[in-house]
Structure formats: structure tokens, C-alpha cells
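Please take a first look at this protein model. Keep the sequence beside it as you read.

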Amino acid sequence: MTLTPPPPRQTPNSPRRVLIVGNYCHDVLIQNGTVVAETLGGAASFISNVLDSSSVSCDLISKVGRDFKYDKETTVFEAYFDLAADRVLKRVAACDPILPSDIPDSRFDIGMAVGVGGEILPETLEKMVEICDVVAVDIQALIRVFDPVDGAVKLVDLKESGFRHLMGKIGFLKASSDEALFMDVEEMRRLCCVVVTSGEKGCRIYDKDDETVVPPFVAKQVDPTGAGDSFLGGLVVGLVEGLDVPDAALLGNLFGSITVEHIGQPKFDSMMLQKVKDEVQRRKKQCNLSSSHNNDHDEFHARLSPARFQHSPLQPKLLVNGHLCDRS
């Protein structure tokens, strides 16, 4: 696959600047009518957790209520989990949208448009395109709409979202396999790099010329909330480190697989993170020595797997924001 990350504008050793745009929110998880957890949520929170844990500096634009933990003006999602049905997501409170005037005039290498509650406007994304060399967009920021009565999340086709005209100006469009049904992948891949995640099946990358399947990492799912966000964070970490897109997506799969084993934000083990960093540096050296390194992608996956399971939190308990709690 020929896609490569954007070249740095400064010196080779200068830090890459990443801008994350999207609101933090409160996630309330309800199973069979009982609240089982209340956690920090929002794609921006999961992504910044991955970037911070990976020592990638970033600027964050997010809006919350006056009392972040409890104020009703902070965006609040309720996720309903029943044994016989898929997750039902409802937005029960919404914070203010993020306006173009909220976006700094500074230059950034990579911008991330990752709204969850309709807070990113077309004009806000246009401002990001102007100040960022490359913009990665999560399609949920573009196609989510909310029932006016109960706040249930619904999806509209990308063509009806008000964002379609900007797709030729972004670098990456990420969608889950369910969300991908609301766009024409063949059309979008001619405009930008499309990444479709499929949970336990890994992800698939589409560009103008190629289609690449990136393998998953085994995980025992506890809660899928935030997995796609952590995936996108891992993808950007890989791009910042100079990996090509399939290798960067492999990092995304790794961080996503860890996230599904938790309720709320995962707390990444420091030894695991160091092992991943070591393998990323090894992979970069390997790629620099060979112009035909695509066939070594499986080897990179194989070397990351031991790091992934070096500290696995698979116990018969729930993990809420990285802390153990009883299921009862």
C-alpha cells in the first residue's frame, strides 16, 4: 500500500503537532435497567488517553458544563445493554457546539474531528482543514442525529449530513462497519483514505489503488464503548511515529482491543507501552532498510502480540476507568 503519513514541515526530530476537536461527555452504562457504571466518555477523551499514554503531545478543543462531573450542560450519553439486544445509545443532554472561533489559528500536522454529540459543525471542520496538514475524521461526528423526544442516536447518509462537500479536503475517514453503510465507500476512497473497523475482524483500509486488511488482536469484550476511538488514537500515534498506514492501523487495532476489555477508559500498562514503543522503533528501522517491507506486516503483528498480552486485564471482574470493581 502506497499511502504514507504526511512529511514533517520542521526538522526530522521536531515533535508533530496534533489537534483533537470533540466534546468530553459523561457515559452512563445501563444493563437490564440497572446503572452499572458512570464514566468519562467522548471520543476526544479516549483518543487523548491513547496519545498521552504514547507520549504524543496534543492540543484539545472540547466543551463541557460548568460543573464537569455533574452539570446537565455537559453532553451525557446513556448506553443500554440488554442480553437479548444490541446496545442502544441515547444522548440525554448536550453541550454547546464547537465553533470555528473556538479553533486556534496555529498550524498543526494532524487534526482529528471526533465529535460524538453533533458538536462539530461543517464550518468548524472547514477551519480544521485550513490549519491542519492532514485531517482525520470519525464519521460519527458527521452522520449522527438525535431523536427529539428521547435522544436516541440515529444515522443519516453522508450525502445528507452537510459535510459531503468537505470529504475531498480531508486525509482519513474512519467508520465502523455499521457506519460504513451510510456512505459510498467506493466514492469516498477516491477522495481520501477510508478506514473501516470491524471489531474482532480487524479493519480494512481503502485508498484509490489498494485495499488492505489489517488483522485484529484477540480480546475478551466487556464493553465496546470507546474502542473505535482508541483505534483512531492508535492510528494517529503510528502516523506521528512515521509508520505507513497499514502499520499505523495495526497499532489502532491493538489499542482498540485493550479498550474493549474495560468499562470506561483503560489504564495502559507502562511495560506494555514501552514494549510497543520498542517494536515501533524496530519497525521503522526495518522499513528504512528495505523498500519492499509490506510483506513484513504480519511479522510486525506477531511481534506486537506478546506486548499486547504482557499485561492483560482478563479477570472475572469489571474494570471501570482502569480500576477493578465487582460485577454485583
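This report covers a helix, the nonpolar cores, the ring contacts and the salt bridges.

## Ground rules

This is a predicted model: local features need pLDDT of at least 70, side-chain atom pairs count only at pLDDT 80 or more, and totals for chains, interfaces and linings use all residues. Residues are numbered from 1 along each chain as its sequence is written, and side-chain values use heavy atoms, with hydrogens and water left out.

## An enclosed helix

Helices (H or I, at least four residues) and strands (E, at least two) are DSSP runs, numbered from the N terminus. Buried means under 20% relative accessible area, exposed over 50%, and partly exposed in between (1.4 Å probe, protein chains only).

Helix α1 spans residues 43–53. Of its 11 residues, 10 are buried, so the rest of the structure largely encloses it. Among them are Phe 46, Ile 47 and Leu 51. Just after α1, Ser 55 has a positive phi of about 60 degrees.

## Two cores

A nonpolar core is a set of buried Ala, Val, Leu, Ile, Met, Phe, Trp, Tyr and Cys residues joined through side-chain atoms within 4.5 Å. The largest has 51 residues, and Val 18 and Met 112 touch the most other members. Helix α6 (residues 245–259) gives the most to this core, with 8 residues. A second, separate core has 34 residues, including Ile 98 and Leu 166.

## Rings

Rings of Phe, Tyr and Trp (its six-membered ring) pair if their centres lie within 6.5 Å; planes under 30 degrees apart count as stacked, over 60 as edge-to-face and the rest as tilted. The structure holds 1 aromatic pair. Phe 255 lies in helix α6 and Phe 268 in the loop between α6 and α7 (270–289), so the pair ties together parts 13 residues apart in sequence. Phe 255 is buried at 2% relative accessibility. Phe 268 is buried at 9%.

## Salt bridges

A salt bridge is a side-chain nitrogen of Lys or Arg within 4 Å of a carboxyl oxygen of Asp or Glu. The count comes to 17 salt bridges. Asp 59 pairs with Arg 17, the closest N and O atoms being 3.4 Å apart. Asp 59 lies in strand β4 and Arg 17 in the segment before β1, so this pair ties together parts 42 residues apart in sequence.

Lys 127 and Asp 105 also meet in a salt bridge, at 3.1 Å, N to O. Lys 127 is buried at 14%, whereas Asp 105 is exposed at 66%.
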